[in-house]
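Student: I am new to this one and would like to find my way around. Could we go through it together, one question at a time?

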Amino acid sequence: MSELFERDELARYERQIRIEGFGQEAQEKLKRSSVLISRVGGVGGTIALGLARAGIGRLVLAHGGTLTHEYMNRMLLADPADVGRPCVEVFVERLRRVNPQLELEAVAENVSADNVQGLVDKVDLVADGAPLFEERYLMNAEVVRQGKPLVMGAMYGTEGYVTVIRPGDTPCLKCIYPQRPDYWTHIKVFPAIGPSPWIVGATATMEAIKVLTGFGEPLAGKLWSFDLENNSTRKLVLYRDPDCPVCGDREAREET
Amino acid sequence: MNQPSLKSPPSVLPRSATDLPPLSEHEKKVFERQIQLPELGEEGQRRLKAASVLVSRVGGLGGTVAMLLARAGVGKLVLAHDGEIEHENLNRMHLAFHQDLGRRRVDVFDETLRRINPDIEVVTEPDNVHEGNVEGLMRQADLTVDGAPLFEERYAMNAEAVRQGKPLVMAAMFALEGYVSSLRPPHTPCLTCLYPEQPDYWNVKVFPVICPSSVLVATVAAMEAIKYITGLGDRLEGEMLYFDLAGNVFRKFRVERRADCPVCAAPAAATA
């Protein structure tokens with residue numbers, strides 16, 4: 001087999017290749033796949049780590065700024081000795097230690113109107129762990145334009161939310177949140193204890209693996225929520241908005 | 001059997017607020033975001049710093065629990081795990097890296113945890129839990145998170161937790177499925193109430209695992225430990241959380257004590 005895997009590389013994935021319905025075929029699909037992660041904080045960093053452990057072929061990371069102390073309670077890709085260093089430099093270094101065969105590309109800025117098209121263009125799937133609706137809307141509009149899947153992961157306090165957006169088949173973020181909710185306007189510094197971003201990150205990692213490999217049943221068109229305070233979970237069915245300004249005219253455009 | 005109320009006092013650890021260690025300026029900065037949680041606050045953070053947790057084993061599940069508790073600011077971890085790092089560990093053992101292949105597991109785990117939290121105290125046992133070491137290991141901790149793959153180890157920890165009257169968070173997984181329950185007899189069943197005998201289907205030495213499921217189980221288990229230590233939220237006492245990440249199915253089952261449990265029923269009767 002293969003030039004696809006280096007010597008000893010498959011040995012790392014032995015335990016997951018054993019999973020019924022996963023097998024070497026899914027492992028090969030993962031190895032051939034690429035994911036954009038933005039941002040790479042408590043949620044996105046957990047996704048990056050999970051995908052690196054699971055054997056994704058290539059990651060593109062977008063995250064601005066330098067590491068501060070208060071990241072350390074939830075960011076799995078950085079340690080206190082890294083405080084003051086550029087975030088993506090540390091994340092790349094850590095991910096290479098996790099998986100030496102992983103291809104990595106990183107930009108030291110958050111997603112913006114200027115860079116979103118180029119970033120989404122590089123990958124098969126987008127994992128959105130951004131705290132701001134502006135960034136989320138940009139990624140959402142771009143995956144709709146490029147027809148690529150997006151896994152959305154979000155958290156606040158002890159609560160978490162995950163859904164999979166498949167443009168054309170499922171609602172897009174704009175169908176779900178036509179406008180940025182008022183309650184989300186004044187939040188720059190939100191309360192966070194590690195377990196909530198990790199639970200969102202773990203769930204979102206598995207969703208990305210499902211979408212990329214065809215294994216299992218993804219949360220397409222369903223919003224999963226979790227509250228770690230009492231371990232309650234919900235799955236809500238979501239519907240497309242036919243008048244959605246982002247994805248609603250897609251079919252009409254295709255017909256013309 | 002008469003079950004005492006499931007609602008328990010805020011923190012079950014016998015530690016008064018005046019005995020808690022102060023937080024350094026560095027710790028206040030690192031834990032700023034979680035101190036903001038009103039239910040946790042600075043006192044909760046000081047309770048975490050004062051706390052000690054036994055984790056065994058320290059693999060995909062237990063190692064992730066240890067990593068998460070170190071991030072959250074737990075003061076002391078007692079870790080028991082035998083063997084050396086192998087290739088097939090690296091798809092899920094977050095405390096080990098490619099460069100660590102062949103090294104003794106507990107040494108690698110200790111090193112990684114100190115990088116995460118330089119102030120943490122780590123006690124290591126380069127062996128899995130067994131009848132001979134379980135008492136001494138558990139004496140060094142306020143509570144236990146059980147992430148062992150074998151029932152022999154689980155039963156040993158369960159019986160000892162009952163003897164010492166300490167909470168035990170039971171966490172288990174297989175492929176995409178996971179299970180978590182917090183055990184604290186007589187308020188809850190013990191492991192032997194739930195599984196009087198080792199189930200036949202569990203003659204598994206090499207089980208399938210992919211890291212999102214082990215991270216999910218570990219996260220819920222770590223949160224249960226944090227709840228025991230700080231009093232935050234509702235614990236999985238008298239309940240078992242089950243999930244299957246393949247289809248994102250989550251269920252909570254009610255679990256009950258056995259009146260004739262050979263492990264936990266007798267002591268309760270004696271004190272009644």
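**Where the two chains meet**

Tutor: Gladly, and let us keep in mind that this is a predicted model. Apart from its neighbours within four places in sequence, B:Asn248 is in contact with A:Thr203, A:Glu207, A:Lys210, A:Glu217, A:Leu219 and A:Lys235.

Student: Where in chain B is B:Asn248, and is B:Asn248 buried or exposed?

Tutor: B:Asn248 sits in the loop between strand 7 and strand 8 (249-254) of chain B. Its relative accessibility is 1%, and the cut-off for buried is under 20%. B:Asn248 therefore counts as buried.

Student: With which side chain does the side chain of B:Asn248 make a polar contact?

Tutor: One of the residues in contact with B:Asn248 is A:Lys210. Here the two side chains make a polar contact at 2.6 Å, and the partner of B:Asn248 is A:Lys210.

Student: How many residues of each chain are in contact with the other chain?

Tutor: Contact here means heavy atoms within 4.5 Å. By that rule, the residues in contact are 59 of chain A and 56 of chain B.

Student: About how much area do chain A and chain B bury between them?

Tutor: Of the buried area, 62% is on carbon and sulfur atoms. On the side of chain A, A:Arg15, A:Arg53 and A:Arg97 lose the most area to chain B, together 16% of what that side buries. The area that chain A and chain B bury between them is about 5300 Å².

Student: How many salt bridges does the rule find across the interface?

Tutor: Let us begin with an example: A:Asp79 forms a salt bridge with B:Arg71, and their closest N and O atoms are 3.2 Å apart. Across the interface of chain A and chain B, the number of salt bridges found is four.

Student: Which element of chain A gives the most to the side that touches chain B?

Tutor: Between the chains, 29 residue pairs are in polar contact. On the side of chain A that touches chain B, the elements that each supply at least two residues include helix 3 (42-54), helix 4 (87-98), helix 8 (195-213) and strand 7 (222-227). With ten residues, the element that gives the most is helix 8 of chain A.

Student: How do the residues on that side of chain A divide into nonpolar, polar and charged?

Tutor: This is the side of chain A that touches chain B. Its residues divide into 17 charged, 14 polar and 28 nonpolar.

**Aromatic rings**

Student: Which residues form one aromatic cluster with A:Trp224?

Tutor: Over all chains, the count comes to eleven aromatic pairs. The cluster has members from chain A and from chain B. Along with A:Trp224, they are A:Phe226, B:Phe243 and B:Phe250.

Student: What kind of pair do A:Phe133 and A:Tyr177 make?

Tutor: A:Phe133 is in helix 6 (residues 133-146) of chain A and A:Tyr177 in the loop between helix 7 (173-176) and helix 8, so the pair ties together parts 44 residues apart in sequence. A:Phe133 is buried at 8% relative accessible area, whereas A:Tyr177 is partly exposed at 22%. Their ring centres are 5.5 Å apart and the planes stand at 80°; over 60 degrees is the cut-off, so the pair is edge-to-face.

Student: And how are the rings of B:Tyr179 and B:Tyr242 arranged?

Tutor: B:Tyr179 lies in strand 6 (residues 177-183) of chain B and B:Tyr242 in strand 7 (residues 239-244), 63 residues apart. Their centres are 5.2 Å from each other, with 50° between the planes. The pair is tilted.

Student: Which backbone oxygen does the side chain of B:Thr219 reach?

Tutor: B:Thr219 is in helix 9 (residues 211-230) of chain B, and it is buried, with a relative accessible area of 0%. Leaving aside its neighbours within four places in sequence, B:Thr219 is in contact with A:Pro195, A:Trp198, A:Ile199 and B:Leu68. At 2.6 Å, its side chain reaches the backbone oxygen of B:Val215.

Student: Is B:Ala17 buried or partly exposed?

Tutor: B:Ala17 lies in the segment before helix 1 (25-30) of chain B. Beyond its neighbours within four places in sequence, B:Ala17 is in contact with B:Glu43, B:Arg46 and B:Arg47. At 36%, its relative accessible area falls between the cut-offs of 20% and 50%, so B:Ala17 is partly exposed.

Conventions
Residues numbered from 1 in each chain as written. Chains lettered and ligands numbered in written order. Predicted model: local features only at pLDDT ≥ 70, side-chain atom pairs only at ≥ 80, totals over all residues. Heavy atoms only, no water. Buried area = accessible area lost by both parts, 1.4 Å probe. Salt bridge = Lys/Arg side-chain N within 4 Å of Asp/Glu carboxyl O. Polar contact = N/O pair within 3.5 Å; in protein donor to acceptor, adjacent residues only side chain to side chain. Helix = DSSP H or I, 4+ residues; strand = E, 2+ residues; numbered from the N terminus. Nonpolar A, V, L, I, M, F, W, Y, C, P; charged D, E, K, R; others polar. Phe/Tyr/Trp six-rings, centres within 6.5 Å; stacked < 30°, edge-to-face > 60°. Buried < 20%, exposed > 50% of the residue type's maximum accessible area, 1.4 Å probe, protein only.
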